[in-house]
Every structure is written in structure tokens, then in C-alpha cells.
Amino acid sequence: MIDVLVVEDNRELGELLCDFLKAEGYQTALASTGEEGLALAHREGARLVVLDVMLPGMDGLAVCRALRQEGDLPILVVSARSEKEDKLAGLRLGADDYIEKPYDVDILLAKIRGIFQRRYERTALRDGDLALDRQRRAATLAGRPLALTAKEFDLLWLLVEHRGKSLRKEWIFDRIWGTDSFSEPQTLTVHIQWPRQKIERDPKHPARILTVWGVGYRFEGEADEAL
């Protein structure tokens with residue numbers, strides 16, 4: 001399953017956008033025509049499509065129409081056309097959002113994150129005897145409340161949410177502390193020890209929050225279950 005399928009006939013622009021998305025942790029695929037985009041969506045599956053309107057052959061609006069007839073896959077339409085009617089046409093066909101070219105990458109990424117949060121973001125996670133409730137910002141282990149700071153909860157949530165994936169230290173730091181933080185990336189090394197102390201049977205030999213040398217950390221889960 002692809003996180004974000006980018007359908008863009010400008011190869012350089014499409015690859016650049018995919019690079020930004022990968023840096024945010026999304027799995028991506030790039031198609032340069034509408035027909036190729038539909039084929040990829042059918043063959044690989046996707047959680048969101050970033051769809052250029054002005055494509056050779058089958059244009060973006062036709063692709064949007066075809067995708068919407070098949071289901072409710074989120075679609076973000078991108079176009080150099082700024083006329084009101086062009087925007088309305090995409091939205092009438094079922095696009096979830098619309099952004100004009102040239103776009104600010106940060107704004108586009110914010111729109112993508114917003115769609116993912118509205119459509120897919122969980123409010124609770126469970127891994128074996130560990131349970132996290134995002135609405136209450138509470139965690140329990142074997143039914144007993146865990147005393148977590150705000151940063152510890154955010155860090156544990158991020159690791160559990162991406163269980164089984166090796167996450168780069170820099171990416172984790174940016175997601176928890178933010179790129180504008182005055183903290184140093186080494187802060188993560190200190191913080192990772194605290195949730196380990198609280199959820200591991202033997203914190204000196206962790207079985208859940210693992211260090212991936214030269215990369216970062218990986219959460220090895222027991223089960224993938226939503227509360």
C-alpha cells in the first residue's frame with residue numbers, strides 16, 4: 001500500500017515532491033500520466049492521491065472522476081489553473097482539497113497531513129499489554145496507569161504508531177520537538193531512556209524500543225490492534 005501516489009507529468013517536480021514526502025515518513029510512488037496513475041492505484045493501492053490537473057492524455061479531472069466512481073480515496077488536486085470554475089470542477093468531482101501551482105511545499109505538506117489526520121489518524125493504540133489513548137493523553141501497562149510527560153507520551157505514540165519500522169533519529173526529533181526547536185537532537189537519546197524505563201521488563205536489554213545502530217529506533221510490537 002502506497003501512502004501518497006503523486007500523479008504529475010513534470011518528472012522533476014514530481015520527484016522533488018516525493019523526496020519531501022519521504023522525508024516526512026510517507027511511502028510514495030510517482031506516475032507521469034493519468035492512465036499510469038490509475039493503474040498504480042489499482043495495482044498497489046494508495047491512501048491519498050496528489051493529482052495534477054493538466055496531464056497528457058487522460059487529464060486530472062477525468063482521473064478524479066474515475067477514482068471517485070470506485071471509492072472514497074482522498075484526492076488533493078494540484079493545478080496551474082487559478083480560475084474559480086476550475087477549482088469548483090475538481091471539488092464537484094469529489095476532490096478533498098485543491099492547491100494552485102506554483103505552491104509552497106510546506107503548505108502542500110500541511111494539507112496532506114491534514115487529510116491524513118482527518119481520515120486515518122487513530123485516537124487509540126494497543127500493543128499487547130500497552131495501551132495509549134491520544135484523546136486523554138493517557139497510557140496504561142497491564143491496566144496500570146503510566147506516568148508519562150507530554151514529550152514521553154508523544155515519543156511513545158510515534159514509535160508505536162510506526163511499529164516495525166526503523167525511524168531515523170533526525171525524523172523523530174523533528175516530529176516531536178519541531179524543526180524550530182531550541183533543543184539539540186541529542187535530547188532524543190536522553191528522552192528515549194525514560195519510556196524504556198517504564199515499559200520494558202529489562203530496560204538495559206529492551207525488547208520493545210530497539211536501537212537501530214547508525215539509523216535511530218524501532219518499536220517491536222506484539223500486535224497491531226486499534227482500541
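In which loop is the place of R137? R137 sits in the loop between β7 (130–133) and β8 (138–141). Helices (H or I, at least four residues) and strands (E, at least two) are DSSP runs, numbered from the N terminus.

The model is predicted: local features need pLDDT of at least 70, side-chain atom pairs count only at pLDDT 80 or more, and totals for chains, interfaces and linings use all residues. Residues are numbered from 1 along each chain as its sequence is written, and side-chain values use heavy atoms, with hydrogens and water left out.

**The chain as a whole**

The chain has 227 residues, of which 43% count as buried. Buried means under 20% relative accessible area, exposed over 50%, and partly exposed in between (1.4 Å probe, protein chains only). Its secondary structure comes to 9 helices and 12 strands. Along the principal axes, the C-alpha atoms fill a box of roughly 60 × 35 × 30 Å.

A contact means heavy atoms within 4.5 Å. Of the contacts between residues at least 6 apart in sequence, 56% join residues at least 24 apart.

The chain exposes about 12,100 Å², and carbon and sulfur atoms supply 49% of this area. Accessible areas come from the Shrake-Rupley method with a 1.4 Å probe; for residues, only the protein chains shown count as cover.

There are 33 positive and 39 negative side chains, and the centres of the two sets lie 6 Å apart. Lys and Arg count as positive and Asp and Glu as negative, while His and the chain ends are not counted. Each charge is placed at NZ of Lys, CZ of Arg, CG of Asp or CD of Glu.

**Backbone features in loops**

| Residue | Phi | Relative accessible area |
|---|---|---|
| R137 | about 50° | 42% |
| A142 | near 55° | 46% |

R137 is partly exposed. A142, found in the loop between β8 and β9 (144–145), is also partly exposed.

P102 lies between β5 (97–100) and α5 (105–119).

**Confidence**

The pLDDT, the predictor's confidence in each residue from 0 to 100, averages 88 over the chain, and 93% of the residues score at least 70. Over residues 223–227 the pLDDT is below 50, and this stretch has 17 contacts in the model beyond near neighbours in sequence. Where pLDDT is low, the predicted coordinates should not be read in detail.
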